Amino acid sequence: MKILGISASLRNARRGTGNDTLIQDIMQASTEEQMHHFIEQEAALHLKNFEEAGRKENLPFDEMYTNLKKQKGNKGLSNSEVALVSALWSVKEFGVEIDHVSLAEYFTESGEKNLDELKNKLMDADGYILSTPVYFGDRGSLSQSLIDMIRADEALKNSFKGKLYAGIAVGAKRNGGQETTLIYQLMDMLNVGALGVGNDSETTSQYGGTGVAGDVGTMPKDKYGLDTSMGTGRRIARVVRLMEMAKGYDMEAKPKVQFWILQDKNDVAEKYIEQLIPHIPGIDATIVNLGSEYIMRCLGCDICPTHIDVDEEYRCIIKSKKDAFLDIHELFTEADAIIPVVFSPKNRNGLVTNYQKFLERTRYLRRGDYVFSDLLVAPFIIDELGSNENLHIRLVTSMIRHHTIMSQPLISFYNKGAFLNTDDIVKELKDVSKLITMTTIGRVRLYSEDMGEMNYNPVGYVLSVIKDNEDQKLNKRKQMIEDRIERIKSKLVHIVDSKEKNAAN
C-alpha cells in the first residue's frame, strides 16, 4: 500500500533528491511532537530560502523566484508542503508507505518535463493526497495541469479507477476559499475515476485539510489546519487499508444497495431505476421512494442526537407519527452502499421532492457517530437538458460529510422523454457494483479487526458536548460501538477466500 503526496505549489521547497530526504525525515519522526518540531524547523528554513533569494534586499518577487529555483531543493517546506507533510506523517503512522512529488518539477515555465516519471509514480500509488494553494476559491494551475494530464492519458486515467483521493488546500485566511477549492478538486478526481474521502471523524469529517498561511513559513502556527491535514492522512490511509483487505476475497451474499429516490416527477426516476436494476449484477437492490413521504424539517437541535444508543435506535427529537423517519430509520442500518437518486427536470411543475429536507434530517445519523461510515455512495442524477440544478455537486458535498467513500456521480441525460446515454449508465453501474463489493468486503474485514475511532465531536455545540459527556459516563457509546461491530461481524460468514473458493469448485 502506498500513498503519494502531491505538492501543487510553485513555492514548493522540495524537488529532486529533496523528495527522498523529505520522506526519510518524515519516517524518522516517531511522535507528533517530533513531527511538529520538524515542520516548524523546515518552515523557518524556507523563510531563510526566501531571504537568501533576495527577500532581505526587497528584490521583486519574480527575481526572488528565479533565485529560489537555483537552490538545491533539499531543505525547507512551503506552506502547502507543511500541511501535506502533516498528512503524510499520519499516513506513515497508520503503517502505509508514503512518497512525495512536486508538480513544479514536471510542469515548468519552459514546458512539461519528465512526465513519464510522474506517470509511473502516479500509477504505482494506491492513493493520492493533493495539496494546493487557493487561487480565487479554486485550486492552482499545477493541480489543473495534473488533472489535464490524467484526462488526456487513457492508461493513466484507467489506473485511477478505484484508487483513493483526498485533498488539502491552503489559503491566506480562514474562510479564504479552502472548502470550494477542495470541492472542485474532489469533483475533478471523482470524474477521472478515483474514489474520494475527506478528513476523519476526529476532525468532524469535512472535505479535507484546510490550512491558513498568509506569509512564507506561517503554516505551522495553524493548529486547526494541521489537525485537519493529519485527519485527512488518517482517513485516506484507513480506506486504502480497507480496500487492500478486500483483495483476494469474494462475497457469497450480495451487498445490500439502497436507491434513495429523493426527487422525482411523474415517477420518471423510479421507473428508470427499476429498468436498470436487472442489468446490475452482484447487488441486492432496494428502492426507497422518499420523495412523496411526509418529512418534517430539521430543527437544528443543540443536542443531536437526543442520546447515544445502538444504531437501530431512532434518536431524532422529532417523534411525530406523520414523519417518515420513524418508519424508515431501521433501513439505514442495513445498507452496504447508497445510491441517492434525483430527477432534475427543466419544468418543475408537478415536481415531488424531499431532497433538502431529507438531507437535513440525516444530521442525527451523522452526529450519531457516523452511521454511514465507510459506505460507498454513488450519486445518481437524471438531468434533463437545461435544468441547471447542479445536484451532482450538492450530493457529493453533503454525503461525504457522513464519513463515506464517494464514487463518481452517475449522470443520465434526459431530453424530450428519452434517456440519451443508457448504455453508458449501465456500464458505469456495473463498475460501481464491483466497487460496492470491494468496499463491503473490506469494511466487514477491517471492522472485524479494528473499527477505529468514530466519535462525532460536536464542535460549537456546548450543550451537546455536556450531554455527550454524560452519555459517555453511562458507557452508552461503548455499547453502541460493540453492537455495530457485532452487526458487521455477522456478515463475515459471507466473505470467502477466493483461492479456497476456486479450489472447492
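1. In helix α2, the residues N49, F50, A53, G54 and R55 meet F61, E63, M64, N67 and L68 of helix α3, where contact means heavy atoms within 4.5 Å and helices are DSSP runs (H or I) of at least four residues, numbered from the N terminus. The residues of this contact divide into five nonpolar, three polar and two charged, with Gly counted among the polar ones.

2. The model is predicted, so that local features need pLDDT of at least 70 and side-chain atom pairs count only at pLDDT 80 or more, while totals for chains, interfaces and linings use all residues. Residues are numbered from 1 along each chain as its sequence is written, and side-chain values use heavy atoms, leaving out hydrogens and water.

3. Buried here means under 20% relative accessible area, computed with a 1.4 Å probe on protein chains only. In a regular strand the side chains alternate between the two faces of the sheet.

4. Strand β18 pairs with β16 (residues 380-384) in the parallel sense over five bridges, pairing requiring at least two bridges found by DSSP, and E384 stands opposite Y414. With β19 (residues 418-419), β18 runs antiparallel and is joined by two bridges; A418 is the bridge partner of N415.

5. D311 lies in the loop between β12 (284-289) and α11 (325-332), and D311 is buried, with a relative accessible area of 1%.

Definitions and conventions: Buried < 20%, exposed > 50% of the residue type's maximum accessible area, 1.4 Å probe, protein only.
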